[in-house]
Amino acid sequence: MANQIIRFGVIGCGLMGKEFASAAARWCHLTDVDFEPRIVAVCDANPSAAEWFQQHVPSVERTYSEYKELLADPSVEAIYCAVPHNLHAQIYVDIIRAGKHLLGEKPFGIDQDANAVIQQAIDKMPQVIVRCSSEFPFFPGAQQIVQWVNENRFGKIIEVEAGFWHSSDLDSTKPINWKRRIATKIHGRSWHACAPFASAFRQETKKCPFALTKIVNECPDGRGGTAPCETWDNAVLACEVETADQKFPMLLSTKRIAPGHANTWFIRIQGTDFSAEFSTKYPKQIASLPYELGRPQAWHVWDVPNKSAYGTITGGIFEFGFSDSILQMWAAFCDEIVNRSGIRQFFHCATPEEAAGSHLVFTAALASERTGETVTIDWGI
Ligand SMILES: NC(=O)c1ccc[n+]([C@@H]2O[C@H](COP(=O)([O-])OP(=O)(O)OC[C@H]3O[C@@H](n4cnc5c(N)ncnc54)[C@H](O)[C@@H]3O)[C@@H](O)[C@H]2O)c1
């Protein structure tokens, strides 16, 4: 039987917009799915960005420079929106009000207030599926850790550490872009560091002393002069997580300047019965340590099979990568649009509530930086 086609519009045709186009173009990679995204309309304020889609994505029927015109197209059912953070609230709200399903990019609003405005729009349109992009938990190694969490394999949790590190901003000759200006971005990569704990633990982070650091203060402005780098480079959050029956420390770090790292996403969990760790730096490897009284405390390091949430044509021994994780995330989003709660596997895309949680944590980080004090987070529940 033919796949059910979901007609997509893309708003923001930059780096991430193109990644979606590439994932949609290799849909044949997936086995046993009965849904498929088709990008029929695109919008970018910069005509040359939209032009790339006209040249490379044959399904595109219309291009726009004003997103409201795209939203007025009744044949578009769903939107991927990947624009600078200061535009999230306005554009996401308009998408949701137009009744289109939305996969929005992180951090889902430039700050907590913007995030709350998006949440209000979602509450008024419960029939619309809204999810936040987070591809790394779809790596098979991460999925294995999620499974162990769900099976309560760890015993009493001793400590959790998760992070997202890269280092391209160590290059002080790299011209400034919107990602280093406070008007267009406050935090963002921080979402990826939160995503594993949001997805795997769904527990409460209570108290957080934070260290925020600025390392590169100035860079070329692209016009022969220099410009201040206004955003924080690195954030290290020492959180205390309290659940119904235990308390444990959780270290979250998000670094734009971590020498030697390029998009490293990792999670480590230590428990009294079992410990495990996974990093995208070694995408095939997963390490685990089952603890048995009187037995050596030895790590088992093995090549995790290429077995993802949605089946693929790839052999189990082949390496999994970033493009594969994006494809899996897109499958989960399309699955939810078509099958709602009957989604085919257990792992859905990150929710707006999880994005709101990351805003709570990182707003507390900014407050802690200002006051120098540990902040207790009020989850309002
Ligand atoms: N999930 C991930 O792994 C990941 C990675 C990088 C970026 N992101 C997120 O994706 C989003 C976009 O980042 P990017 O790296 O693709 O940025 P980008 O700068 O490459 O692309 C953004 C695009 O938005 C366009 N744009 C700006 N204003 C617009 C408007 N009013 N209407 C329509 N288009 C407009 C720009 O012209 C540009 O082409 C951000 O939220 C960012 O945090 C996510």
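Reply: What follows goes through the domains, then a pair of helices, then the ligand. This is a predicted model, in which local features need pLDDT of at least 70 and side-chain atom pairs count only at pLDDT 80 or more, while totals for chains, interfaces and linings use all residues. Residues are numbered from 1 along each chain as its sequence is written.

Me: Okay, how is the protein chain divided?

Reply: It is divided into domain 1 (4-132) and domain 2 (137-315 + 352-375), with bounds that come from an automatic or database domain assignment. Taken over C-alpha atoms, the centres of the two domains are separated by 26 Å.

Me: And how many residues does the contact take from each domain?

Reply: The contact takes 21 residues from domain 1 and 21 residues from domain 2, where two residues are in contact if their C-beta atoms, placed from the backbone, lie within 7 Å.

Me: New topic: how do helix 1 and helix 8 cross?

Reply: The axes of helix 1 (residues 15-25) and helix 8 (residues 322-339) come within 9 Å and cross at roughly 80°, the axes being lines fitted to C-alpha atoms over the stretch in contact, with angles from 0 to 180 degrees between N-to-C directions. Helices here are DSSP runs (H or I, at least four residues), numbered from the N terminus. That makes helix 1 roughly perpendicular to helix 8, a term used for angles of 65 to 115 degrees.

Me: Which residues make that contact?

Reply: Helix 1 brings Glu-19, Phe-20, Ser-22 and Ala-23, and helix 8 brings Ser-323, Ile-326, Leu-327 and Trp-330.

Me: Last one: which residues come nearest the ligand?

Reply: Of the 22 residues around the ligand, Gly-12, Gly-14, Leu-15, Met-16 and Glu-105 come nearest, and a residue is near a molecule if its C-beta atom, placed from the backbone, lies within 6 Å of it.

Technical notes. Helices (H or I, at least four residues) and strands (E, at least two) are DSSP runs, numbered from the N terminus. Angles under 35 degrees count as roughly parallel, over 145 as roughly antiparallel, 65 to 115 as roughly perpendicular and the rest as oblique.
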